[in-house]
Amino acid sequence: MNKAEQTRARVEAGLKRRYAAERRFRAYGLGAVLLGLAFVVLLFSTLVSQGWSAFRQAYVTLDVQYDAAIIDPEGTRDTATLSTADYAALVRASLKARFPEAQSRQETKALYALVSSSAAQAVQARILGDPSRIGGHERLTFLANDRVDQLLKGRIDRNLDEDSRSLTDQQVGWIDALAADGALSLHFNKGFFTQGDSREPEQAGVWGAVVGSLFTLGVTLLLSFPIGVSAAIYLEEFARRGKWTDLIEVNINNLAAVPSIVFGLLGLAVFLNFFGMPRSAPLVGGIVLTLLTLPTIIIASRAALKAVPPSIREAALGMGASRIQMVMHHVFPLAMPGILTGTIIGMARALGETAPLLMIGMVAFIVDVPKGLSDPATVLPVQVYLWADSAERAFVERTSAAILVLLAFLIVMNAAAVYLRNRFERRW
Amino acid sequence: MMKRALIPALLAPAILGSLVQAQAGRDYISMVGSSTVYPFATTVAEQFGKAGKFKTPKVESTGTGGGFKLFCSGVGAQFPDISNASRAIKSSERDQCAKAGVKDIAEVKIGYDGIAVANSKKGPLFKLTRKELYLALAKQVPDPTNTQNLIANPYKTWKEINKALPADKIEVLGPPPTSGTRDAFVELVLQDGCNSFSWIKSLKDVDEGRYNKVCNTIREDGAYIDAGENDNLIVQKLDSNAKALGIFGYSFLEENQSHIQGSFIDGVAPTFENIASMKYPVSRPLYFYVKTAHVGVIPGIQEYVNEFTSDRAMGGEGYLANKGLVPQPAAEIAKVRKAVANLKK
């Protein structure tokens with residue numbers, strides 16, 4: 001056998017094994033993708049199945065007598081009297097009128113517990129809106145208590161014995177009676193999207209956290225985009241290579257890997273204690289998250305600038321453009337898609353952060369929806385964390401629903417990144 | 001064109017920077033502190049805000065120790081007005097407060113919180129004593145053959161401790177060392193179980209360091225599982241593992257009574273009535289602390305304290321009882337209310 005034949009024989013002997021190896025490798029790759037997808041599907045299906053019901057909420061309709069003796073016994077109709085009247089008593093009276101069989105103190109207490117404590121505010125709003133309603137009566141729709149809501153959604157098992165569930169048999173009977181009348185039903189939960197946090201699950205909403213997230217991310221974007229992009233342009237296009245630029249580069253890369261809580265500690269020491277900025281404010285949160293996203297934006301922007309072919313720069317300079325014209329007119333616009341993608345990835349990371357915000361007081365219970373950058377605020381992931389930690393069972397579905405809102409936020413941001421990239425992308 | 005667009009963008013940081021100024025006043029109450037008190041403080045804060053006269057207070061959940069650290073940093077609008085605590089303030093914390101100029105602090109006891117040891121209803125109901133819990137969970141226990149001698153915890157199953165208990169592996173899910181619930185559990189259960197051995201009890205006077213090491217150290221060989229700060233997570237894990245026990249706040253037991261049962265401790269079941277009457281041994285008082293220098297400066301502090309100490313909030317039938325707070329006897333509430341009726345000196 002000569003040499004060539006020998007080689008050939010060896011190759012042929014190994015050929016089968018090589019094909020098999022390739023097939024195996026492909027199968028591993030496909031398996032990895034499928035496994036990843038399976039986890040995503042699992043995550044989404046759990047979230048949707050648990051959280052979907054939070055978008056609907058139990059409402060109860062009652063006939064409320066606007067009893068003048070309770071609201072305004074002296075008939076003065078002045079705002080001070082009207083705004084401090086005992087409106088809860090009106091709601092209690094209408095429940096009592098509907099179910100007169102509740103007699104003992106314990107029974108009436110159980111009966112009043114069917115309606116959310118926000119009902120009194122709803123009645124108050126009606127009266128303050130038009131005091132001439134006093135003396136009349138009206139059918140009003142109130143939020144039901146979270147336990148009523150959970151029973152209607154089947155999350156409290158009605159077949160358990162009385163001791164093992166948080167509603168008594170009598171309460172379940174009342175709930176069934178109301179539902180049979182059509183006075184108790186599930187509707188779209190508007191409050192979830194328009195209200196701030198609450199201790200009562202049925203009144204709790206994500207809007208405060210969404211606004212807080214928007215403010216915080218707005219500050220982050222406003223600060224980190226210009227600073228990050230200018231730093232990247234300077235380092236990539238103007239700075240002379242040397243020991244100093246190497247040092248800076250190493251430091252930026254290190255910063256990108258620093259645990260986020262460290263930025264929170266820095267924020268506490270510098271912005272709160274030294275500069276005396278307000279605690280829990282989106283302004284400070286935004287600045288801290290800027291520190292966190294800057295390295296990501298700088299690294300991504302530098303990579304995008306580096307990817308612009310040198311021929312573009314040479315052509316511009318050859319035509320007599322100055323360095324700044326070359327960068328601003330040619331290199332920067334071409335690098336824009338990459339820079340925007342990097343920025344949005346950085347912002348998406350900032351959206352999901354809670355640890356640094358803990359140190360600057362944004363992990364907090366805040367009912368009022370923030371109106372400005374220095375109002376106390378919280379953000380979506382913090383809201384998820386706070387609800388997940390609450391004892392009330394009704395917060396379980398709200399936690400999942402808040403995660404869905406957070407994911408929707410992220411999907412919109414990532415879709416924007418893809419859109420911008422496709423729109424501005426140029427090939428050469 | 002690009003250049004002109006870039007200039008305002010570059011100016012943005014400067015504009016934002018000029019917005020920053022020292023926080024002059026604050027028109028809402030700022031609270032920090034214990035995550036155990038958080039559900040109650042937030043409930044009162046919300047009610048207080050809804051009454052419409054003052055803004056809703058802000059409540060941060062920082063943990064008791066972290067809360068005192070912030071609370072004791074100084075007097076002024078940038079520092080919190082109230083610190084919630086699941087234990088009484090320590091003298092070291094008072095010193096720290098005094099050093100920063102926080103001299104007058106009013107203590108308000110709000111009620112009790114029971115700590116439940118519970119398992120899934122699929123498993124047997126446990127009837128434990130504090131001594132048995134100590135033997136099951138401490139790192140070092142007295143040698144069963146010679147109780148004067150300490151050995152590494154040899155117990156693997158409950159039956160080895162007491163023949164009446166099931167032959168299941170000891171598996172207890174509980175909070176991590178940073179948690180106030182764990183501190184309270186160690187103090188109320190392990191130390192008490194420890195004291196049932198008279199020679200260890202007498203150790204306290206001779207060698208307190210060793211006593212603390214023996215009585216306060218939880219075993220690390222996998223029988224006690226650190227399950228994180230989230231009590232809901234512990235409840236979920238109990239549901240899927242019928243053989244495990246969990247340690248968490250009473251309010252979580254109350255909310256999950258459909259599938260979780262509380263173990264008897266020293267013959268007493270963890271029920272609302274038993275905790276309120278102090279029969280149940282594992283319960284602790286909860287507090288909040290008010291910086292009196294802020295009363296009258298930050299609007300609404302006195303009114304918030306009044307709301308919290310009112311019968312409709314922390315009374316026996318109050319709305320906090322619905323949230324799982326175990327109220328104090330009426331006489332004690334009256335005493336608390338009297339003490340804080342006028343905080344401004």
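Buried means under 20% relative accessible area, exposed over 50%, and partly exposed in between, with a 1.4 Å probe and protein chains only. This is a predicted model, in which local features need pLDDT of at least 70 and side-chain atom pairs count only at pLDDT 80 or more, while totals for chains, interfaces and linings use all residues. Side-chain values use heavy atoms, leaving out hydrogens and water.

**Salt bridges**
- A salt bridge is a side-chain nitrogen of Lys or Arg within 4 Å of a carboxyl oxygen of Asp or Glu; by this rule the count over all chains is 33.
- A:Glu12 pairs with A:Arg8 at 3.4 Å, N to O, and both lie in helix α1 (residues 3–51) of chain A, four residues apart. Helices are DSSP runs of H or I with at least four residues, strands are runs of E with at least two, and numbering starts at the N terminus.
- A:Glu12 is partly exposed at 47% relative accessibility, and A:Arg8 is exposed at 57%.
- A:Glu353 and A:Arg349 form a salt bridge at 3.7 Å, N to O; A:Glu353 is buried at 12%, whereas A:Arg349 is partly exposed at 31%.
- In chain B, B:Arg87 meets B:Glu93 at 3.0 Å, N to O, with B:Arg87 partly exposed at 23% and B:Glu93 buried at 9%.
- A network of salt bridges links A:Asp149, A:Lys153, A:Arg155 and A:Glu397.

**Interface of chains A and B**
- The two chains bury about 4100 Å² between them, 55% of it on carbon and sulfur atoms; buried area is the accessible area (1.4 Å probe) lost on putting two parts together, summed over both.
- Chain B gives 43 residues to the contact and chain A gives 47, where contact means heavy atoms within 4.5 Å.
- Four salt bridges are counted between the chains. B:Lys323 and A:Glu200 form a salt bridge at 3.6 Å, N to O.

**Nonpolar cores**
- A nonpolar core is a set of buried Ala, Val, Leu, Ile, Met, Phe, Trp, Tyr and Cys residues joined through side-chain atoms within 4.5 Å.
- The largest has 83 residues, and those with the most contacts inside it include B:Tyr304 and B:Phe308. Helix α18 (residues 394–424) of chain A gives the most to this core, with 10 residues.
- Another core, of 59 residues, lies apart from it and has B:Leu128 and B:Ile200 among its members.

**Helix α8 of chain A**
- The buried residues of α8(A) are A:Gln171, A:Val172, A:Trp174, A:Ile175 and A:Leu178.
- The face turned away from the buried side of α8(A) carries the exposed residues A:Ala180 and A:Asp181.

Technical notes. Residues are numbered from 1 along each chain as its sequence is written. Chains are lettered from A and ligands numbered from 1 in the order in which they are written.
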